[in-house]
Structure formats: structure tokens, C-alpha cells
Amino acid sequence: MLTEGLSYHLLDGKAASKAIRDRIAEQAAEVTAKRGRPPHLAAVLVGEDGASRTYVNSKVRACEKAGFRSTLIELNADISEEELLEQVDALNKDPELDGFIVQLPLPQHVNEDKITLAIDPTKDVDGFHPENLGRMVLGLSGFLPATPAGVVELLRHFEVPTSGKHCVVVGRSNIVGTPMSILMSRNADPGNCTVTITHSRTKDLAAITRQADILIPAIGKPEFITADMVKEGAVVVDVGIHRVQDSSRQKGFRLVGDVKFDEVAPKCSWISPVPGGVGPMTITSLLLNTLKACQIN
Ligand code: NDP
């Protein structure tokens, strides 16, 4: 059924997350009863990036609401790479901890790859470690990267058909675009798409995005996808999230995605909003991964 007054369905990540997190809370209570301590997630925040702090705070709040224990570890921006590696090592060895994340981006002087590689894959609930990415490619059990897994869960929740569809992913980053393309092409439901992955060197991007039955922009450019780039009836899942200045808002900014929502939405069968689309689903995936970690650790 269409949302009243709209010509499209909304891929409402808030509503989907609420339903999934209610189930997660039930399972968390079972874990707590069985082993005498709740699922425990830690988040490491380095420096004072405003957006990163907002994301981490949302993750911590979501944990608490689902009955998890959460620990926030705040470190100064001038922490050395070695000290951060020591912190990661301590978390790897902490028997009371099921999983942890190191919020990206890290300060320039810290090599993000080194930190990611140092995380114990059995506690890597962001799913960024090469072992978990390799497991995903091979279809083995492991932690899926939180944002692409959140997109899959969003499509699953609203029972959006994907099999045989042409899915175009815009962006090829290691944490979003590339794993997204793999998940959509897997022999799974949701999945079984024919996938095209595009990037900044793609020629005539609009000609390709217009072929998409399912379009997943993960570009990092505010309102980049316009109506002329989208096919009538397409499903659009907007991964992008940006703060744009808006003096009419109390905070001085508003959030927009990679998609120009107002002009694209009327062409879509389904579209995710920003905020309230993929963002909450990313956090939900993190909780799902942490629950999974309780079975391993
Ligand atoms: P990256 O900057 O790492 O990657 C962006 C990708 O977009 C690159 O592959 C780049 O191509 C491609 N790209 C850039 N410009 C163009 C263009 N003009 N045409 C086609 N492709 C282009 O970003 P991320 O993947 O980390 O994030 C993408 C977006 O998703 C961001 O807005 C980010 O904030 C958001 N995000 C949201 C999350 C959520 O929970 N909702 C979580 C994570 C990210 P190339 O490789 O050639 O440079």
C-alpha cells in the first residue's frame, strides 16, 4: 500500500529499525539470562569530529535501548598510532567485550588500514577486517559491513523484490560501494541482482543510472542524483549523508543525502529518506553483528 498522499513507498529506516531492534532486545535479554551478562559493544572515538561524535552517541544510545552494555572510549586527536594499536589490542583481549568499533575517519597521522587489520576479526562488528570481507565474498559466516548490510535489511523488511533486477551502485569504497555490489549480486534473498558498479571515472553515469531497477548511491556528494538520472518506477536507496548549512534550523544545518529527494521521489516506486533511511539501519546492523559476536566470543 502506498503511504497516504504519496505516489511512492517510503523505505522508512526508522520504522524498520524499530521492528528489528525490538527483536534484537528480546534476543539480548535471552543472552543476558543465559550467560549472566548482556551483549557488550565498545566504540572508540578519536578526536572531536562533530559528525563522528553524533554517530557514536547514536550507537551508544541504541545499545542501551536494546539492553546491551556499551562502553565509549574517547581518545585525544593527538594519540599516536602505537598508542591506538595498544588500545585495540587491549579491547581484543578483553573477555567482557563481545565486539568493538573504531569510528572512522581517524586523524591523518594514523594509518586506518593498520588499525583495521589489528582488530580481532571475531570482534570486528563493523565488518571492515579483510577476513570478514573475504568471508562475505565466499558466502561464509562472518560480520557483514554494517551499512551495506543495513541496506539489505531495509529491502528485506519492506519485501522489495530484487531477484533478476538490475542494481546500479554508485561508489566503490571499501566500506560501502564495493561490499554493497557483492551483497546485491549474491545468490540470496535479497540479492540475485545483475549489478553494475560505477565510480568517478565512469563515462556517462546518467545513462547507466537510468537503467537501474534498484539504484544505490554511495557517492558522498550532496543531492548529486537528480530526477533525470532515475528511471520511472525505480527503487532508490540513498546511502549518502551530509550536513548542509541551513540558518532556518536551530542547529544551523540540515541533513541531506546523495539524492535530490524532492524531485527524484515522485519517479520512484520505493525511496529511502535522509535522515531516517539507511542511517538507522547501519546502527541496527551493528547491533545484529554484536548479537552474533555473543555466539562466538
Ligand atoms: P567515499 O568517498 O569513500 O567513496 C565515494 C565513492 O563515490 C568513490 O568510489 C568515488 O569514486 C565515487 N564518486 C565520487 N564522485 C563521483 C562521481 N561524480 N560519479 C560517480 N562516482 C563518484 O565515500 P563512502 O563510501 O565512505 O561514503 C559514501 C557516502 O555514504 C557519504 O556521503 C557518507 O557520508 C555516506 N555514509 C553513510 C553511512 C550511513 O550510515 N548512512 C555510513 C557510511 C557512509 P572513486 O573511487 O573513483 O573516487
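Here Ala, Val, Leu, Ile, Met, Phe, Trp, Tyr, Cys and Pro count as nonpolar, Asp, Glu, Lys and Arg as charged, and the others, Gly among them, as polar. By that scheme, the shell around the ligand has 10 nonpolar, 10 polar and three charged residues. The model is a predicted one, where local features need pLDDT of at least 70 and side-chain atom pairs pLDDT 80 or more, while totals for chains, interfaces and linings use all residues. Residues are numbered from 1 along each chain as its sequence is written, and side-chain values use heavy atoms, leaving out hydrogens and water.

Of the 23 residues around the ligand (a heavy atom within 4 Å), Arg172, Ser173, Ser200, Lys221 and Thr282 come nearest. Helix α10 (residues 278–296) gives the most to this shell, with three residues; helices here are DSSP runs of H or I, at least four residues, strands runs of E, at least two, numbered from the N terminus. An oxygen atom of the ligand sits 2.5 Å from an N or O atom in the Ser173 side chain, and a polar side-chain atom of Arg172 lies 2.7 Å from a ligand oxygen atom.

Turning to aromatic rings, the structure holds two pairs, counted when ring centres of Phe, Tyr or Trp (its six-membered ring) lie within 6.5 Å, with planes under 30 degrees apart called stacked, over 60 edge-to-face and the rest tilted. Tyr8 and Phe261 are edge-to-face, 6.0 Å centre to centre with 85 degrees between the planes. Phe158 and Trp270 are tilted, at 5.7 Å and 50 degrees. Phe158 lies in the loop between α6 (146–157) and β5 (166–170) and Trp270 in strand β11 (residues 270–271), so this pair ties together parts 112 residues apart in sequence.

Conventions: Polar contact = N/O pair within 3.5 Å; in protein donor to acceptor, adjacent residues only side chain to side chain.
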